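Have the viewer open and follow along.

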Amino acid sequence: MFYFDTLPIHFPPKRLESLSSYLARLARANLLTAPCQMNYLLLPGKKGEKYIQRMDDYPPLMIENMVRCTGQSRETLLSATFYPIAVNLGRNPHPQAIGRFLKGSIAGHLRYCPKCLEEDPYYRLPWRFVSLKICPEHACMIQERCPACGKPLPLVAPGFQVNMCAS
């Protein structure tokens, strides 16, 4: 591993933070503004790949690249995905198998508690579960759409901003 293989600013994910939120915060901290910049770091040599744009919080197949870039352990990064759920339930931890197992249970867009985001702006992995309707910490409704335009929020927002609508 070379010095330049790791992002200059790297920190661990926060408690229950989703991998998509963690990578977006890491990109912002390192002044990366376009998903293609993060794609280049996570997928060296694979031009045209759009991993960040389709980030879904399932365990990444290129986990070793993420370990190298973030300076975090494999276990730390996997804990920000649905991997622990699959393992704890005795399921196959491959991303496609987890996707099939959790189909219909996971929202394909951001869901959030506005009060949690005010306190600490990062997305929690449990918010992705469609059955979670009320924030366990604030007892308010989990939001699913942009309050301004009513559209679902993308998992990775433009410029890696938190609570930013693509519209």
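A pocket here is an open set of grid points, on a 1 Å grid over the protein atoms alone, with protein on both sides within 12 Å along at least five of seven lines, and a residue counts as lining when it has an atom within 4 Å of a point. Keep in mind that the model is predicted. With that in hand, look at the second largest pocket, which has a volume of about 180 Å³. Its lining is made up of Arg15, Leu16, Cys116, Tyr122, Arg124, Pro126, Trp127, Leu132, Cys135, Pro136 and Glu137. Sorted by class, this lining holds 8 nonpolar and 3 charged residues, with no polar ones.

Now step back to the whole protein. Its fold has 7 helices and 0 strands, so the order of elements from the N terminus reads α-α-α-α-α-α-α. Of the 167 residues, 43% are buried. The exposed surface comes to about 9300 Å², and carbon and sulfur atoms supply 57% of it. Among contacts between residues at least 6 apart in sequence, 53% join residues at least 24 apart.

Leaving aside residues up to four places away in sequence, Ser20 touches Met55, Asp57, Leu155 and Val156. Just after H1, Leu31 takes a positive phi of about 60°.

In soluble globular proteins, nonpolar side chains tend to be buried together. In this model, the largest nonpolar core has 22 residues, and those with the most contacts inside it are Leu19, Leu23, Met38, Leu42, Met66 and Leu77. H1, H2, H3 and H4 each supply at least two residues of this core, and the largest share, 6 residues, comes from H1. Apart from this core lies another, of 14 residues, among them Cys113, Leu132, Cys135 and Cys140. Leu132 and Cys135 also bring us back to where we began, as both line the second largest pocket.

Note on methods: Residues are numbered from 1 along each chain as its sequence is written. This is a predicted model: local features need pLDDT of at least 70, side-chain atom pairs count only at pLDDT 80 or more; totals for chains, interfaces and linings use all residues. Side-chain values use heavy atoms; hydrogens and water are left out. Contact means heavy atoms within 4.5 Å. Helices (H or I, at least four residues) and strands (E, at least two) are DSSP runs, numbered from the N terminus. Buried means under 20% relative accessible area, exposed over 50%, partly exposed in between (1.4 Å probe, protein chains only). Accessible areas come from the Shrake-Rupley method with a 1.4 Å probe; for residues, only the protein chains shown count as cover. On a 1 Å grid over the protein atoms alone, a cavity is a set of points where a 1.4 Å probe fits but cannot get out, and a pocket is an open set with protein on both sides within 12 Å along at least five of seven lines; lining residues have an atom within 4 Å of a point. Grid points are joined across faces, edges and corners, and a volume is the space filled by probe spheres set on the points. Ala, Val, Leu, Ile, Met, Phe, Trp, Tyr, Cys and Pro count as nonpolar, Asp, Glu, Lys and Arg as charged, and the others, Gly among them, as polar. A nonpolar core is a set of buried Ala, Val, Leu, Ile, Met, Phe, Trp, Tyr and Cys residues joined through side-chain atoms within 4.5 Å.
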